[in-house]
Amino acid sequence: MKKPDSRRQDIIQRLTDHVLAEGLSASSLRPLAKAAGTSDRMLLYYFSDKAEIITAVLEEISARLVLKLGDRVAPELLPVDVLRRQFAAILFVDELWPYMRIWLEVASRAAMGDAYFRGVGEQIGRGFYEWGKAQLLSESEEQRDVDAARLLVTIEGMLLLKSLGLDDINAKAV
């Protein structure tokens with residue numbers, strides 16, 4: 001990290017807003033610099049390269065999402081079926097859809113063989129898995145692992161179906 005100061009944090013906030021609005025496909029250096037209100041040269045003054053910029057943005061997106069989800073979870077542990085219905089109801093609301101679109105872009109780039117996005121996607125996916133697992137009421141620790149995996153697979157499948165306009169199928173599943 002080159003410049004750990006308030007200007008760098010302000011830039012990260014602006015870049016995050018830009019990527020949430022425009023997607024990762026609009027994250028080449030010049031559009032990012034314009035969104036940050038600076039030049040591409042100055043952007044590289046605050047970050048060593050584009051990978052560091054994207055990493056900082058994805059970390060901020062994840063942090064914002066965790067805060068938004070934290071406001072919507074139940075205060076007690078829940079069985080997997082109840083938690084799945086609850087997640088389905090909150091993850092696909094319009095307010096959170098930009099976050100879900102970014103997640104789909106990360107997954108798509110990973111599927112196309114991009115090693116950077118594969119690594120980032122794995123880290124974020126495992127974080128989602130652990131986050132869900134921490135909220136599950138299961139009969140044993142082993143069952144909690146299985147329930148968390150099923151929860152993640154179900155929600156990810158539902159996310160893909162929503163992106164394809166198949167909300168009616170999602171509704172039948174919950």
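## Arg126 and helix H7

Arg126 lies in helix H7, where helices (H or I, at least four residues) and strands (E, at least two) are DSSP runs numbered from the N terminus. With a relative accessible area of 55%, Arg126 is exposed; the class buried means under 20% relative accessible area, exposed over 50%, and partly exposed in between, using a 1.4 Å probe and protein chains only. From C-alpha to C-alpha, Arg126 and Ala149 are 9.9 Å apart in space and 23 residues apart in sequence. The structure is a predicted model, in which local features need pLDDT of at least 70, side-chain atom pairs count only at pLDDT 80 or more, and totals for chains, interfaces and linings use all residues. Residues are numbered from 1 along each chain as its sequence is written, and side-chain values use heavy atoms, with hydrogens and water left out.

Helix H7 covers residues 115–133, has 19 residues and reaches 27 Å from its first C-alpha to its last, close to the 27 Å expected at 1.5 Å a residue. The expected span of a helix is 1.5 Å times one less than its number of residues. At the N-terminal end, Asp114 caps H7, with a side-chain oxygen 2.9 Å from the backbone nitrogen of Tyr116. A polar contact is a pair of N or O atoms within 3.5 Å; within protein, one must be able to donate a hydrogen and the other to accept it, and residues adjacent in sequence count only if both atoms are side-chain atoms. The buried residues of H7 are Phe117, Val120, Gly121, Ile124, Gly125, Tyr129, Gly132 and Lys133. These buried residues pack against H4, H5 (80–91), H6 (97–111) and H8 (141–163), where contact means heavy atoms within 4.5 Å.

## Overall architecture

The secondary structure of the protein comes to nine helices and zero strands. The C-alpha atoms fill a box of roughly 55 × 30 × 30 Å, taken along the principal axes. Of the 174 residues in the protein, 38% are buried. Among contacts with a separation of 6 or more, residues 24 or more positions apart account for 66%.

## Helix H1

The 17 residues of H1 should span 24 Å at 1.5 Å a residue, and the end C-alpha atoms of H1 are 24 Å apart, which agrees. Just after H1, Gly23 takes a positive phi of about 90°. The buried residues of H1 are Arg8, Ile11, Ile12, Leu15, Thr16, His18, Val19 and Leu20. They pack against H2 (29–36), H3 (40–46), H4 and H6.

Thr16 is found in H1 and counts as buried, at 0% relative accessibility. Not counting residues up to four places away in sequence, Thr16 touches Val57, Glu60, Ile61 and Arg64.

Two packed helices are described by the angle between their axes and the distance between the axes. Axes are lines fitted to C-alpha atoms, for helices over the stretch in contact, and angles run from 0 to 180 degrees between N-to-C directions. H1 (residues 6–22) and H4 (residues 50–70) pack at an angle of about 75°, with their axes 9 Å apart. That makes H1 roughly perpendicular to H4; angles under 35 degrees count as roughly parallel, over 145 as roughly antiparallel, 65 to 115 as roughly perpendicular and the rest as oblique. On the H1 side, the contact is made by Arg8, Ile12, Gln13, Leu15, Thr16, Asp17, Val19 and Leu20, and on the H4 side by Glu52, Ile53, Ala56, Val57, Glu60, Ile61 and Arg64. These residues divide into eight nonpolar, two polar and five charged. Ala, Val, Leu, Ile, Met, Phe, Trp, Tyr, Cys and Pro count as nonpolar, Asp, Glu, Lys and Arg as charged, and the others, Gly among them, as polar.

H1 and H6 pack at an angle of about 80°, with their axes 8 Å apart, which makes H1 roughly perpendicular to H6. Val19, Leu20 and Ala21 of H1 meet Pro98, Tyr99, Arg101 and Ile102 of H6 in this contact. By class, the contact has six nonpolar, no polar and one charged residues.

H5 has 12 residues and reaches 16 Å between its first and last C-alpha, close to the 16 Å expected at 1.5 Å a residue. Its buried residues are Val80, Leu83, Arg84, Phe87, Ala88, Ile90 and Leu91, and what covers them includes H4, H6, H7 and H8.

Met42 has its place in H3 and is partly exposed, with a relative accessible area of 35%. The C-alpha atoms of Met42 and Leu83 are separated by 45 Å, at 41 residues apart along the chain.
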